[in-house]
Amino acid sequence: MTSSPTPGLTRFNALDDSAATAELHEVCASSAWGSKMLAQRPFATADALFSANESAMAELTAEDLGEAMGGHAPIGRPKPGDPTSAREQRGMAGASEELKNELLELNLAYQEKFGHVFLICATGATGEFMRDAVKVRIENTAEQEREIARGELVKINRIRLTRLAELAEGE
């Protein structure tokens with residue numbers, strides 16, 4: 001992506017550990033992931049930031065993944081007042097009430113089976129795509145779902161890290 005730090009990456013690298021930890025927590029709710037990312041600073045490029053994300057996600061335990069997933073709202077129910085959640089779930093904005101209700105039922109069944117929210121990189125996805133994905137994935141084992149969720153978190157984190165790397169002071 002970039003061969004030199006972006007303004008946002010330069011800003012992020014200059015933050016004290018407490019402020020950087022807070023920004024990383026906005027990307028991913030796993031404290032273990034945040035600690036691993038913080039230890040990698042400073043990042044020379046956005047690609048280095050993305051590579052650190054992939055490495056940190058690969059090292060997370062099942063408990064760490066649970067903490068990370070706990071930071072995500074169920075599909076179709078973005079967190080009120082959370083612009084990130086609303087932006088990422090924009091594909092549900094025009095969904096019919098029937099589709100929203102169906103997705104709610106599927107989410108509840110998924111959560112009951114696996115003990116966590118159905119996690120999918122929703123950016124750019126339609127409600128129908130997400131509904132179909134949960135219908136397929138609910139048939140998986142807990143271990144399969146944990147690894148799929150890990151991959152989805154890598155994608156979600158990358159989108160959020162891209163935003164972090166692009167935001168300059170005051171944006």
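Modeller: Let me begin with a definition: angles under 35 degrees count as roughly parallel, over 145 as roughly antiparallel, 65 to 115 as roughly perpendicular and the rest as oblique. Please note also that this is a predicted model.

Colleague: What makes H7 roughly parallel to H8?

Modeller: Helix H7 (residues 97-114) packs against helix H8 (residues 127-137) at an angle of about 30°, and their axes are 10 Å apart. The limit for roughly parallel is under 35 degrees, so H7 is roughly parallel to H8. The crossing in which H7 passes H8 is left-handed.

Colleague: Which term applies to H4 and H9, and why?

Modeller: Between H4 and H9 the packing angle is about 150°, with the axes 10 Å apart. Because angles over 145 degrees count as roughly antiparallel, H4 is roughly antiparallel to H9. H4 and H9 have a right-handed crossing.

Colleague: What makes the peptide bond from Arg 41 to Pro 42 cis or trans?

Modeller: Its omega is near 0°, and the bond is cis. Most peptide bonds are trans. Pro 42 lies in the loop between H3 and helix H4 (46-59).

Colleague: Which residues lie nearest the centre of the second largest pocket, and how many line it?

Modeller: The lining comprises 22 residues, with Gly 71, His 72, Lys 79, Glu 88 and Arg 160 nearest the centre. The volume of this pocket is about 320 Å³. At least two lining residues come from each of helix H2 (17-27), helix H6 (83-88) and helix H9 (142-166).

Colleague: How is the lining of that pocket divided by class?

Modeller: Ten of its residues are nonpolar, seven polar and five charged. Gly 71 is among the residues nearest the centre, and Gly counts as polar.

Colleague: Where is confidence lowest, and where is it highest?

Modeller: H6 has the lowest confidence, at a mean of 71, and helix H3 (residues 31-40) the highest, at 98. The mean pLDDT of the protein chain is 89, with 92% of its residues at 70 or more. Where pLDDT is low, the predicted coordinates should not be read in detail.

Note on methods: Residues are numbered from 1 along each chain as its sequence is written. This is a predicted model: local features need pLDDT of at least 70, side-chain atom pairs count only at pLDDT 80 or more; totals for chains, interfaces and linings use all residues. Side-chain values use heavy atoms; hydrogens and water are left out. On a 1 Å grid over the protein atoms alone, a cavity is a set of points where a 1.4 Å probe fits but cannot get out, and a pocket is an open set with protein on both sides within 12 Å along at least five of seven lines; lining residues have an atom within 4 Å of a point. Grid points are joined across faces, edges and corners, and a volume is the space filled by probe spheres set on the points. Helices (H or I, at least four residues) and strands (E, at least two) are DSSP runs, numbered from the N terminus. pLDDT is the predictor's confidence in each residue, from 0 to 100. Axes are lines fitted to C-alpha atoms, for helices over the stretch in contact, and angles run from 0 to 180 degrees between N-to-C directions. A crossing is left-handed if the near helix is turned anticlockwise from the far one by less than a right angle, and right-handed if clockwise.
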